[in-house]
Amino acid sequence: MRVRKHRKKITMLEEKMLENGEMDFVEIKDWMNARRRGGVTSAWLGNVLAKCGLFVQTGETRVVSIGRSYIVKVWDSRRRDSNDR
């Protein structure tokens, strides 16, 4: 994982997922942006979620906005997945 300067926020996100359950991409981005002064981009967050190994994609959900709708991924902690088995 090459996100050393953000490692604390990523582990905090994993702990939040372990406590509260799975979150969709928009919820994760809002949560991260509330805690980072500069915020995070969608591309950076998507890469971290997909590549760091702490998170697993569990599904998709449709978000309806004014005049349009789009699909976002739902993510959860990989540790919860291994503890349930």
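**Whole chain**

The protein chain has an accessible surface of about 5,900 Å², 45% of it belonging to carbon and sulfur atoms (Shrake-Rupley method, 1.4 Å probe; for residues, only the protein chains shown count as cover). This is a predicted model, in which local features need pLDDT of at least 70 and side-chain atom pairs pLDDT 80 or more, while totals for chains, interfaces and linings use all residues. Residues are numbered from 1 along each chain as its sequence is written, and side-chain values use heavy atoms, without hydrogens and water.

**Salt bridges**

There are two to find (a side-chain nitrogen of Lys or Arg within 4 Å of a carboxyl oxygen of Asp or Glu). Select Arg79 and Glu14, whose closest N and O atoms are 3.2 Å apart. Arg79 is in helix 4 (residues 78-84) and Glu14 in helix 1 (residues 7-20), so the pair ties together parts 65 residues apart in sequence. Glu14 is buried at 6% relative accessibility, whereas Arg79 is partly exposed at 41% (buried: under 20% relative accessible area; exposed: over 50%; partly exposed: in between; 1.4 Å probe, protein chains only).

Next, select Lys73 and Glu60, which pair at 2.7 Å, N to O. Lys73 belongs to strand 3 (residues 68-77) and Glu60 to strand 2, so this bridge ties together parts 13 residues apart in sequence.

**Val56**

Finish at Val56 in strand 2 (residues 55-65). Its contacts include Val74 and Trp75 (heavy atoms within 4.5 Å).

Note on methods
Helices (H or I, at least four residues) and strands (E, at least two) are DSSP runs, numbered from the N terminus. Lists of a residue's contacts leave out its neighbours within four places in sequence.
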